[in-house]
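Hello,

Here is the structure I promised to pass on. Have a look at it first, and then read my notes below.

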Amino acid sequence: MKKIRECAKTLRSKNCDPFFTTFDIFFENQEDYNDLKSSNIINKNNISRLYSIKEEDVIGIYFLDNILALKVTVKKDIPSSEPNCKDVFGAHQHIMLAEMEF
């Protein structure tokens, strides 16, 4: 087993707009990318459980084979324009994803 953070060249999160956060994972090599993709660990059920959101709030999971990357987009529970938002830029949301093992 290995953690995503151990294999990712780049791992980041950011707001797409005030209502959505996107996660980007770029891999150094084909083997790690293929291992993650074939593990099926990145799915709507696991993402929703990890971030305590409804499964339908996982908007999309996209594997980009030509650039060895993965993108996940989720609906935010608190828009970044709201005073109660703790991460206005969405820049710290990838930490839990980084710890996932596959």
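Rings of Phe, Tyr and Trp (its six-membered ring) count as a pair if their centres lie within 6.5 Å; planes under 30 degrees apart are stacked, over 60 edge-to-face, and the rest tilted. By this rule there are three aromatic pairs, and ring pairs join Phe27, Tyr33 and Phe63 into a cluster.

Please keep in mind that this is a predicted model, where local features need pLDDT of at least 70, side-chain atom pairs count only at pLDDT 80 or more, and totals for chains, interfaces and linings use all residues. Residues are numbered from 1 along each chain as its sequence is written, and side-chain values use heavy atoms, with hydrogens and water left out.

Now to the rings in detail. Tyrosine 33 and phenylalanine 63 have ring centres 6.3 Å apart and planes at 70 degrees, so the pair is edge-to-face. Tyrosine 33 lies in helix H2 (residues 30-39) and phenylalanine 63 in strand E3, so the pair ties together parts 30 residues apart in sequence. (Helices, H or I of at least four residues, and strands, E of at least two, are DSSP runs numbered from the N terminus.) Tyrosine 33 is buried at 1% relative accessibility, while phenylalanine 63 is partly exposed at 26%; buried means under 20% relative accessible area, exposed over 50%, and partly exposed in between (1.4 Å probe, protein chains only).

As for the sheet, four strands form an open, antiparallel arrangement in the order E1-E2-E4-E3; strands pair if DSSP finds at least two bridges between them.

Best wishes
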